[in-house]
Amino acid sequence: RVVFTENRDSNKKPQLRKEIGTWLYKKETVERFQLWCKQNGVRAFNNVRITSSAAFAPHRSCFNFLVAVQEMFSTQHNFPVSVNWMNHNVRVPYLLGASHSELAMAGWMVRIHSLEDSRFTPYMKWLMEDTRGRDGVSQGISKERGEETSYVDQMFSEMATDACEDPEVWLEHLFRSFAAIHLRGVVIETAAIEPLLDGTDFFKTKAKEIYCQTLMPLIDAVPQVENGLHNVLVDYYPGGVCSDESKLKHLCYDLRIPFDELDLLPGSPAMIPQRGFFALRAITRIQEGDYLYEEVATANMIEATRLMQNDYFGA
């Protein structure tokens, strides 16, 4: 549940309404996503919808704007948004609540969903059936368009055309893509960014200078409380830890990941040794049945709206 302001342009004390985001998961979508997770070595333990003592996602199963750029270089397309080492962290002039990298990532996610021409298609299909936060993104984009409405419409139309999608359907999925990035994205560290620079034009940029929000299957489905009482961390473990089976077993024990239930050794579908994996772990030990998330119905929960509205006065 996410709280959004009823009238974001009012200078008065805003009225709040509670938006219950719907998970519209279809059986076919869930089955395809489950199969995709199995094929890519993504695993979680216990009930991952609400509780989870551990989750595991190989580096190659995660999606961010650098992965989108790699696909752009290897695919023929007419995608109008260009993201490179000079503008990736610069605000889009006609949509100030988003950087070029965020717009490119969100737009490319919709393209994958529509054309189904990427290895991430089952993941994107699954993400697009979660409507949480889409109203806040929609309101934020509507406010920011302002005098740039015609240019924004042109850019969105070109992206929809490139995706061979109906403009209204495309726009709805764009809202959901932005919401997924803001509500699910995890900023990854330098060591995890470096393997992604190959196959891009970011060779003039240092990995430590790149802000890279990343979607991690199953790990991103665990909501994290934003009230200062975090109990969940997402850690990256480079591929080197997989070279020694005894060290890997010890690490899995520390992370509460059942080693015997994973196929992590080099050459397996679950692991590309050079890239490593991400793991969900707790600051304090998670007991089976513990909730990782409790609803906090306060203004702190309007995360998607706040990020998109650029902290405008009166918003």
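**View 1. F278 and its ring partner Y236 in the predicted model**. F278 has a relative accessibility of 3% and therefore counts as buried. Y236 is buried too, at a relative accessible area of 8%. The aromatic pair formed by Y236 and F278 is tilted, with 5.1 Å from centre to centre and 40° between the planes. Y236 belongs to strand β9 (residues 232–237) and F278 to strand β10 (residues 277–282), and the pair links these distant parts of the chain, 42 residues apart.

**View 2. The stacked pair of F33 and Y123**. The structure holds 13 aromatic pairs. In the pair shown here, the ring centres of F33 and Y123 are 5.8 Å apart and the planes stand at 20°, so the pair is stacked. An angle under 30 degrees between the planes is what stacking requires. F33 comes from helix α1 (residues 27–39) and Y123 from helix α4 (residues 121–127), so parts that are 90 residues apart in sequence are tied together by the pair. F33 counts as buried at 3% relative accessibility, and Y123 is buried with a relative accessible area of 0%.

**View 3. The aromatic cluster that includes F33 and Y123**. One cluster is formed by F33, W36, F63, F120, Y123 and W126.

**View 4. Helix α5, residues 134–145**. The twelve residues of α5 reach 17 Å from the first C-alpha to the last, close to the 16 Å expected at 1.5 Å a residue. The helix is mostly covered, since ten of its twelve residues are buried.

**View 5. E116, a residue other than glycine with a positive phi**. The phi of E116 is near 55°. E116 sits in the loop between α3 (100–115) and α4. With 43% relative accessibility, E116 counts as partly exposed, because that class lies between 20% and 50%.

**View 6. L218, a residue with positive phi in a loop**. L218 is not glycine, and its phi is positive, near 70°. The loop that holds L218 runs between β8 (213–214) and β9. L218 has a relative accessible area of 14% and is buried, because the limit for burial is under 20%.

Technical notes: Residues are numbered from 1 along each chain as its sequence is written. This is a predicted model: local features need pLDDT of at least 70, side-chain atom pairs count only at pLDDT 80 or more; totals for chains, interfaces and linings use all residues. Side-chain values use heavy atoms; hydrogens and water are left out. Rings of Phe, Tyr and Trp (its six-membered ring) pair if their centres lie within 6.5 Å; planes under 30 degrees apart count as stacked, over 60 as edge-to-face and the rest as tilted. Helices (H or I, at least four residues) and strands (E, at least two) are DSSP runs, numbered from the N terminus. Buried means under 20% relative accessible area, exposed over 50%, partly exposed in between (1.4 Å probe, protein chains only). The expected span of a helix is 1.5 Å times one less than its number of residues.
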